[in-house]
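Let's take a friendly walk through this model, one neighbourhood at a time. Have your viewer ready and follow along.

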Amino acid sequence: MKTILTGIKPTGTPHLGNLLGAIRPAIELTNNSDFDRSLYFIADSHALTSIRDPKEYKENVYSVAATWIALGLDLDKAILFKQSDIPEVFELTWMLQCLTPKGDMNRAHSYKAKVQQNIENKTDEDHGVNMGLYNYPILMSADILLYDTNIVPVGKDQIQHIEIARSIAQRANQLYGASCLVEPQELIQEAGAYVPGLDGRKMSKSYGNTISLWETEKKLRKLINKITTDSSAPEEPKNPDDSIIMDLYKLFARPSEIQALEKRYKEGIGWGEAKLALFEVVNEYLSGPREIYTNLMNDKTQIDKILDRGRSQAKELAEKNMKRIRKMITGF
Ligand code: TRP
């Protein structure tokens, strides 16, 4: 039995980076017969480290669920559920916290980055760090380990978290016996691993350089027009290997289309024309899903039904596994 699992933190409307780095590869994996079980969940409790408005919290959860459904997640093959619907994950989190050296959390990238920022700003090292943020990798480990996950498709920025999950599993297995927890492996999808944002840096909400998925056609067009370009004249030949527009184009276009655009670059293409080409492939990809997404967000009872079904499927697994883990760790 091989299980894949991944989660998306609902901190805002999903963007192209989420699509290419996580959602699209994960949906493709569902159709891969090497895996018997696919679990996809909305990591809503992780979002609590930063979201303080319940309305926003709820809307984000629906938005992520609708996104996965709209982009074609096959709900007969995959289980889609909400992290916080399965209380076993919090029980396991506590057990794992008791197995994790504090120093491992001090070394976690996202915490370290926050501390570094505070040092630079000459404020207290732990300013703005809540315990949820600090323990984030442990809750994430519980997400993975609760379901006996073998493979976790994630973006590169999450590798350290999977390493932490693996090392916690190893520690538990040494202490309690090899069948306690399954040691997970990350799966990095190369094609989508680096998605440049509007300014060429990695597309990320924290850089404010994202192209969100569910913009209207008009707004999508506008955003794509904002991609940073140099001031070379339209007729000047351009290097297709050094272009944000081309990098994004490659993630959506067919090989023949890519070749054709590369040729136009070498002949000399105006940035406006290149941006239009990019808009067209992105829009073609998103226009069908956009309609499904909008319908779901206008009638959330459909999403509730899907998440309810996912909850009972995930719950069954969680109960069964937690029974085994609890017994091995506590004797009860
Ligand atoms: N930390 C992940 C992110 O920020 C989300 C996440 C939470 C996750 N739990 C997970 C991803 C378990 C994979 C497996 O995107």
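**A serine and its surroundings**

Leaving aside residues up to four places away in sequence, Ser-63 touches Thr-13, Pro-14, Tyr-293 and Met-297. Keep in mind as you look that this is a predicted model. Ser-63 itself lies in helix 3, which spans residues 54-70. Is this serine buried or exposed? With a relative accessible area of 5%, Ser-63 is buried, because the cut-off for that label is under 20%.

Now turn to the strands. Strand 1 (residues 3-8) pairs with strand 2 in the parallel sense, over 6 bridges.

Why is strand 2 described as largely enclosed by the rest of the structure? Of its 6 residues, 37-42, 5 are buried, so the description follows from that count.

Finally, go back to helix 1 and see how it meets helix 13 (residues 271-298). The two pack at an angle of about 65°, with their axes 13 Å apart, and helix 1 passes helix 13 in a left-handed crossing. On the helix 1 side you will find Leu-16, Leu-19 and Arg-24, which meet Val-282, Tyr-285 and Leu-286 in helix 13. Sorted by class, this contact has 5 nonpolar residues, no polar ones and 1 charged residue.

Definitions and conventions:
Residues are numbered from 1 along each chain as its sequence is written. This is a predicted model: local features need pLDDT of at least 70, side-chain atom pairs count only at pLDDT 80 or more; totals for chains, interfaces and linings use all residues. Side-chain values use heavy atoms; hydrogens and water are left out. Buried means under 20% relative accessible area, exposed over 50%, partly exposed in between (1.4 Å probe, protein chains only). Helices (H or I, at least four residues) and strands (E, at least two) are DSSP runs, numbered from the N terminus. Two strands pair if DSSP finds at least two bridges between them. Contact means heavy atoms within 4.5 Å. Axes are lines fitted to C-alpha atoms, for helices over the stretch in contact, and angles run from 0 to 180 degrees between N-to-C directions. A crossing is left-handed if the near helix is turned anticlockwise from the far one by less than a right angle, and right-handed if clockwise. Ala, Val, Leu, Ile, Met, Phe, Trp, Tyr, Cys and Pro count as nonpolar, Asp, Glu, Lys and Arg as charged, and the others, Gly among them, as polar.
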